Amino acid sequence: MLQNYLTVLIFIGAGIAIGAILIVVGLLLAPHRPDDEKDSPYECGFEPFDDSRLRFDIRYYLVAILFIIFDLEIAFLFPWAVSLQKIGLTGLFAMAVFLAILIVGFIYEWKRGAMEWE
Amino acid sequence: MQHFAGYFVSAWGAIPAWVQYLLFTLGKILAIAVPVILSVAYLTYAERKVIGYMQSRIGPNRVGFRGLLQPFADVIKLMMKEVVFPANANRYLFFIAPVLSMMPAIAAWVVVPFFPNGSAANVNAGLLLILALTSLGIYGIIISGWASNSKYAFLGAMRSAAQMVAYEIAMGFAIVGVLMAAQTLNLGQIIQHQSGAFWHWYFIPLAPLVVVYFVSAVAETNRLPFDVAEGESEIVAGFHVEYSGMAFAVFFLAEYANMILVSALASIMFFGGWLSPFEGIPYIGAPSAGWLFLKIGILLFLMLWFRATFPRYRYDQIMRLGWKVFIPVTLVWIFVEGAFLIVHLPPWFS
């Protein structure tokens with residue numbers, strides 16, 4: 001069983017290697033003639049102005065926070081789903097209570113407009 | 001000949017077990033990565049041909065017979081193109097990003113079963129592993145947007161991140177539905193639980209989840225009509241606007257490999273994987289890898305069809321669909337399915 005996970009690890013290494021090799025091949029085969037104009041960030045033909053690491057909308061943070069909550073919820077649901085046949089109706093009700101608490105928060109977010117993008 | 005084969009067997013036995021294992025794993029990597037990369041090449045060709053015919057054009061037809069060598073011409077062209085490194089970009093992150101988006105697209109295939117007991121690693125938490133690996137893909141996009149030092153890339157990365165996390169939740173809930181039905185995380189066993197002819201497959205009791213999963217998968221891979229992260233006409237190319245040559249090719253490869261991966265997962269979780277739709281009938285009822293490839297092909301064709309048919313969604317519409325439609329639908333359906341499970345609804349939950 002553990003050897004299977006070693007195979008997974010080796011595959012992850014292979015995935016990294018394939019991407020890295022392709023880029024190295026590209027860097028080696030292709031010409032490399034940098035100049036100021038070519039290397040400047042693309043901005044539809046304008047001279048780039050300001051720093052491009054600009055401030056961004058607060059809603060992206062909100063979405064990220066919401067995501068963490070829901071992703072944790074899914075992580076909790078995984079073992080529950082796999083064993084539902086064994087825990088039966090009790091398990092279903094227990095999870096209903098747990099989800100209900102989260103759904104209250106979800107509805108609150110919805111009503112407060114955290115998910116509005118106009 | 002016999003003598004040679006015998007010699008080979010004894011030579012194989014002579015090498016240490018861990019070298020055997022390493023060679024065997026290397027063989028598996030080749031047996032999976034090469035076909036995946038080749039299918040990516042021909043998926044790009046199929047995309048241009050299919051969309052071409054849908055728009056009354058003929059698509060690429062110059063390189064090789066009916067343009068069949070077009071993908072190779074593209075690769076050679078991309079190899080010869082300069083990899084422009086933008087000024088003020090972060091040197092290391094700029095090159096790590098495409099590798100990072102490529103890694104999960106290849107590595108996740110390790111647990112995909114192509115035929116009975118036919119996965120490179122028979123891991124009992126297969127689906128969890130895939131969910132974990134594919135979540136890593138987002139880092140490639142965010143890092144590329146940040147490292148490029150370009151406004152378009154940055155905006156594209158932000159949009160893409162918010163969109164992907166929204167749809168990942170819907171996708172996760174859809175997967176929970178599959179787990180409830182199959183009672184296992186092992187992909188091979190999920191398929192075995194669907195054995196029987198096509199009405200035993202999970203797409204019938206989990207119909208809303210199939211739709212949610214597949215649409216979320218299209219959104220996760222940044223395909224049209226959800227490609228606001230790289231929409232050419234809005235933010236030129238989004239997160240990979242500053243990438244050229246092979247660095248761009250790696251992003252491209254990763255996107256298409258991910259398309260094939262999510263189609264494979266959809267066919268495994270909802271459409272019986274390598275099971276035949278006509279199980280019980282001689283010859284055509286036998287499970288085989290061919291059925292899996294056929295199902296993947298149909299789903300990929302659907303993705304191309306979406307691209308040719310639907311106009312791009314507006315960003316607020318995408319977020320509304322993800323948060324306000326898909327998540328409530330999946331939540332409700334998990335409880336409906338729970339009820340199915342309690343009453344042992346045949347033939348899926350008996």
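Before you click, note that the model is predicted, with local features needing pLDDT of at least 70, side-chain atom pairs counting only at pLDDT 80 or more, and totals for chains, interfaces and linings using all residues. Residues are numbered from 1 along each chain as its sequence is written, chains are lettered from A and ligands numbered from 1 in the order in which they are written, and side-chain values use heavy atoms, with hydrogens and water left out.

Start by selecting the interface: 82 residues of chain B are in contact with 70 of chain A (heavy atoms within 4.5 Å). The two chains bury about 6800 Å² between them, 77% of it from carbon and sulfur atoms (accessible area, 1.4 Å probe, lost on being put together, summed over both). Now pick B:Lys151, B:Trp323 and B:Lys324, which supply 11% of the area that chain B buries here, more than any other three residues.

Next, show H6(B), residues 151-182. H6(B) gives the largest share of chain B's side, 15 residues (helices are DSSP runs of H or I, at least four residues, numbered from the N terminus).

Now move to H8(B), residues 207-220, and H10(B): they pack at about 170°, axes 10 Å apart (lines fitted to C-alpha atoms over the stretch in contact, angles running from 0 to 180 degrees between N-to-C directions). That makes them roughly antiparallel (angles over 145 degrees). Select B:Tyr213 and B:Ala217 among the H8(B) residues, and B:Met269 and B:Phe270 among those they meet in H10(B).

Conventions. Helix = DSSP H or I, 4+ residues; strand = E, 2+ residues; numbered from the N terminus. Parallel < 35°, antiparallel > 145°, perpendicular 65-115°, else oblique.
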